[in-house]
Amino acid sequence: MTDTPSRNLKTKLQVTCQNCSLTSLCIPRGLAREDIERISRIVSRKKTLQRGEHLFHEGDKFRGVLAIKGGTAKTVIYDTQGYEFITGYLLPGELLGFDAVATNHHKCSAIALETLSYCELPADQLDQLCHEVPNLLREMFRHASAKLDEETDQVIINKRAAEDRVAMFILNLSDRLRKRGFSPTEFNLTLTRQEIGNFLGLALETVSRTLRNLEDAGLIRVHNKRIHILDLEALRATYAHR
């Protein structure tokens with residue numbers, strides 16, 4: 001049976017691991033073409049989530065490694081009184097789900113901060129796939145190790161002065177966006193100022209005051225959730241190595 005034009009178009013528009021624009025940032029980095037194609041056949045492409053919807057909840061059973069394709073998300077944990085602590089801020093091309101590998105249950109919740117799409121490498125096929133594609137295990141270790149490094153760096157940053165924390169948060173986001181092909185100097189914050197304060201261990205008022213100070217210094221311009229870095233090199237020189 002001959003495919004109709006609409007079916008041909010649909011096939012061309014399907015995103016696989018091989019033609020995804022985030023290939024160099026996701027699991028397939030460093031893998032052979034045939035290995036990427038094998039992963040692509042197994043990966044499950046999920047429907048879009050809206051802001052506030054969960055990728056998974058704390059306590060959920062591990063169902064696979066997730067890769068964000070579009071949009072942003074936060075990971076959170078809750079204390080016994082239900083207070084939320086933000087533990088991570090994820091961008092396209094970043095993986096999550098490793099927190100459940102050891103116990104088979106998630107230790108945190110992951111929540112979409114805006115319209116979000118993601119792929120899933122199913123847990124029930126991970127062992128077989130790692131056996132068939134030995135380099136995949138190495139790449140997953142690389143991602144898990146990078147995540148641990150980020151968390152360690154954040155602990156150190158959160159010991160610094162308030163202005164340093166906010167500036168380093170902006171610089172970190174700028175660098176991660178640059179690696180994904182987005183502008184490193186103009187971007188929207190999908191975390192609210194309250195959430196930024198939660199993540200950095202600062203009060204809302206402190207975050208707002210610090211942003212004003214950076215703006216008064218001529219380093220950034222802020223309009224609602226829009227950040228424009230006016231002098232990236234000066235911002236780096238002032239805060240990155242202090």
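Because the model is predicted, local features need pLDDT of at least 70 and side-chain atom pairs count only at pLDDT 80 or more, while totals for chains, interfaces and linings use all residues. Residues are numbered from 1 along each chain as its sequence is written, and side-chain values use heavy atoms, with hydrogens and water left out.

Helices (H or I, at least four residues) and strands (E, at least two) are DSSP runs, numbered from the N terminus. Helix H6 covers residues 193-200 and helix H7 covers residues 204-216. The two helices pack at an angle of about 105°, and their axes are 8 Å apart. Axes here are lines fitted to C-alpha atoms, for helices over the stretch in contact, and angles run from 0 to 180 degrees between N-to-C directions. H6 and H7 are therefore roughly perpendicular to each other; angles under 35 degrees count as roughly parallel, over 145 as roughly antiparallel, 65 to 115 as roughly perpendicular and the rest as oblique. On the H6 side the contact (heavy atoms within 4.5 Å) is made by Arg193, Gln194, Ile196 and Gly197. On the H7 side it is made by Leu204, Val207, Ser208 and Leu211. By class, this contact of H6 with H7 has 4 nonpolar, 3 polar and 1 charged residues. Ala, Val, Leu, Ile, Met, Phe, Trp, Tyr, Cys and Pro count as nonpolar, Asp, Glu, Lys and Arg as charged, and the others, Gly among them, as polar.

Glu205 also lies in helix H7. This residue is exposed, at 54% relative accessibility, where buried means under 20% relative accessible area, exposed over 50% and partly exposed in between (1.4 Å probe, protein chains only).

An open sheet is formed by 3 strands in the order S9-S11-S10, with antiparallel pairing. Strand S9 (186-188) and S10 are the edge strands, each pairing on one side only. Direction ignored, neighbouring strands of this sheet are turned by 15° against each other on average. Two strands pair if DSSP finds at least two bridges between them. S9 is joined to S11 by 3 bridges; Glu186 has His228 as its bridge partner in S11, and Asn188 has Arg226. S10 and S11 pair over 4 bridges, also in the antiparallel sense, and Arg221 stands opposite His228 in S11. The covered face of S11 holds Ile227 and Ile229, whereas the uncovered face holds Arg226 and His228.

S10 and S11 form a hairpin with 2 residues between them. Asn224 is found in this loop, between strand S10 (220-223) and strand S11 (226-229). The phi of Asn224 is near 55°, a positive value in a residue other than glycine. Asn224 is exposed, at 62% relative accessibility. A positive phi of about 75° is also found at Asn104, which is not a glycine. Asn104 is placed in the loop between strand S6 (95-96) and strand S7 (109-112), and its relative accessibility of 32% makes it partly exposed.

Side chains of opposite charge can pair when their charged atoms come close. A salt bridge is defined as a side-chain nitrogen of Lys or Arg within 4 Å of a carboxyl oxygen of Asp or Glu. By this rule the count comes to 11 salt bridges. One of them joins the side chains of Arg63 and Glu120, at 2.8 Å from N to O. This pair links distant parts of the chain, 57 residues apart: Arg63 is in the loop between strand S2 (54-56) and strand S3 (64-70), and Glu120 is in strand S8 (residues 117-122). Arg63 is partly exposed, at 29%, whereas Glu120 is buried, at 6%.

Glu195 forms a salt bridge with Lys74, and the closest N and O atoms are 2.7 Å apart. Glu195 in helix H6 and Lys74 in strand S4 (residues 73-78) are 121 residues apart. Glu195 is buried at 11% relative accessibility, and Lys74 is buried at 7%. Lys74, Glu84 and Glu195 are linked in a network of salt bridges.
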